Amino acid sequence: MNLTILVLVCYLAVVFGIGLYNGRAGAKNEEDYYLGDRSFGPLPTAISMGATDSSGWIFIGAIGYAYIAGPVSFWMYPGFAVAALLNWLFIGPKLRKESVELGALDLIDYFEKKIHKTTQDTSHTVKVVGAALVVLFFIPYMSSQLTAAGKTIHSLINLDYNAGLIFSAVFVTFYCFWGGYKSVIYTDFMQGSLMLLVFFIFPPILIAKIGGWGAFWAAAQAIDPVMGTLTGGAVGSAAVGVIIGLLFYGIGEFGQPHILQRFFSAKDDNTLKYGTIVSSVWMIGVMCGSSILGCIARVLLDNLNDPEYAFPVLVGQMMPPVVSGIVIGAIFAAVQSTFSSQLLVAVQAVASNIIKPLSKKNYTDAQLVTIGKITMIVLCILSTAIALLDIDSVFSLVVYAWSGLASAFGPLCVLLIYRPHKVNKVSAITGMLVGLTVSTAWYLAGLSAYCMELVPGMLASWAIIEILGGMGTKAERAG
């Protein structure tokens with residue numbers, strides 16, 4: 001066994017141990033299994049949120065995008081930083097407080113219970129439709145994480161791509177199955193810390209190998225003039241559209257159920273107060289580091305057949321085996337943190353938000369947890385099967401899923417918090433479906449090159465909720 005594999009095995013053993021240890025007590029009920037009894041402080045909340053947010057996309061998809069597009073990729077990060085800050089300051093505190101008051105266990109559950117409170121509508125339609133959309137988008141999203149894992153393992157230790165992908169799925173599913181949310185959040189905390197360390201350390205080391213910042217940028221522009229522009233080679237209105245789209249990509253934060261779940265599980269207001277600072281440092285360090293590494297890879301590894309192999313190949317060629325093992329661990333950290341969080345939220349969507357309300361049975365706490373675990377195995381198999389098809393790039397899959405979730409849920413979440421009188425069952429369901437339809441149509445029409453699809457998707461969803469919400473309010477008053 002070479003050193004790279006040995007370090008990776010040791011890392012995975014530590015992660016596995018953390019997952020089993022924190023899940024050793026089992027889960028007493030749904031709130032314990034899906035939220036860890038809302039008991040987490042600022043560090044695990046903020047860093048696990050960052051790790052879940054970034055996913056394998058940050059090491060594979062984002063670096064691959066920067067490898068092709070160059071410095072234009074940096075336009076994503078101001079939007080992400082501002083959106084994340086707004087999330088922590090204006091969405092998180094209210095979502096945490098109201099979720100406790102309503103007894104809501106996730107974003108979709110919050111939608112239903114808040115609408116029930118404001119309109120006295122007691123149907124489960126909003127919950128079922130919202131949960132179905134979560135599953136629809138999370139399965140390809142989870143598949144993209146497994147694709148990232150497969151590419152990393154294949155590149156660095158020459159293990160078969162499919163074998164690496166399947167191993168990753170089984171590994172993460174086991175500790176999620178065992179310990180639920182507590183296992184997920186503490187493994188994410190450790191893995192997010194490792195990701196931050198890699199992104200802080202690697203760019204300066206590799207730039208020094210090239211000869212410093214000046215030599216690095218000169219070499220980049222000599223390879224491709226695009227590397228010397230902030231528009232990716234676009235000009236005029238196309239350049240404006242690219243920049244606006246990338247800047248607004250971050251507003252998708254408001255509609256990601258697996259990210260917002262961290263606000264539901266936060267212990268108190270102080271957790272969010274101090275977590276805001278931790279999250280901001282983490283986000284800036286990781287996001288900027290990924291774009292710089294993509295540009296560095298273009299200088300050191302020009303003409304790669306698949307740009308999404310850029311970072312794994314770069315590490316394999318430039319770093320000693322022990323360091324390579326640590327980096328594989330960091331990439332696995334990104335993959336595992338997002339896959340585990342999305343898997344648990346998807347399980348909750350099916351078991352608690354679809355099966356439970358539609359079956360109309362009174363399940364015991366133990367039965368609900370068992371249903372969740374069975375659902376977990378099924379969803380793991382589905383996402384693995386899609387990943388094995390290798391139908392799209394990690395970057396494309398993540399961007400599409402991110403945009404779809406943001407368009408369906410972002411406006412509804414913000415309006416329920418700040419303008420609840422504008423939301424009723426009809427406006428909520430229509431808003432979700434219109435947002436999804438517009439973002440998907442924009443994506444399929446190839447218009448994303450001019451503006452990210454989440455921008456028209458979220459605007460359309462917001463508009464239809466406002467319009468139908470106003471009509472519903474008038475109808476209710478007239479009645």
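## Helix packing and a cavity: worked exercises

Thr 45, Ser 48, Met 49, Thr 52 and Asp 53 of helix 3 meet His 258, Ile 259, Arg 262 and Phe 263 of helix 11. Contact means heavy atoms within 4.5 Å. This is a predicted model: local features need pLDDT of at least 70, side-chain atom pairs count only at pLDDT 80 or more, and totals for chains, interfaces and linings use all residues. Residues are numbered from 1 along each chain as its sequence is written, and side-chain values use heavy atoms, without hydrogens or water.

**Exercise 1.** Work out how helix 3 and helix 11 are oriented to each other.

*Solution.*
- Take the angle: helix 3 (residues 42-54) and helix 11 (residues 257-265) pack at about 175°.
- Take the spacing: their axes lie 9 Å apart.
- Apply the cut-off: angles over 145 degrees count as roughly antiparallel.
- Helix 3 and helix 11 are therefore roughly antiparallel.

**Exercise 2.** Find the orientation of helix 5 to helix 6.

*Solution.*
- Helix 5 (residues 76-102) and helix 6 (residues 107-119) pack at about 70°, with axes 10 Å apart.
- That makes helix 5 roughly perpendicular to helix 6 (65 to 115 degrees).
- Leu 95, Glu 98 and Leu 102 of helix 5 make the contact with Leu 107, Tyr 110, Lys 113, Lys 114 and Lys 117 of helix 6.

**Exercise 3.** Identify the element that gives the most to the lining of the largest cavity.

*Solution.*
- The largest cavity has a volume of about 50 Å³.
- Its lining includes Tyr 34, His 258, Arg 262 and Leu 344 (lining residues have an atom within 4 Å of a point).
- Helix 8 (161-210), helix 11 and helix 14 (321-359) each give two or more residues.
- Helix 14 gives the most, with 5 residues.

Key:
Axes fitted to C-alpha atoms, helices over the stretch in contact; angles between N-to-C directions. Helix = DSSP H or I, 4+ residues; strand = E, 2+ residues; numbered from the N terminus. Parallel < 35°, antiparallel > 145°, perpendicular 65-115°, else oblique. 1 Å grid on protein atoms, 1.4 Å probe; cavity = no way out; pocket = protein on both sides within 12 Å on 5 of 7 lines; lining within 4 Å. Points joined across faces, edges and corners; volume = space filled by probe spheres on them.
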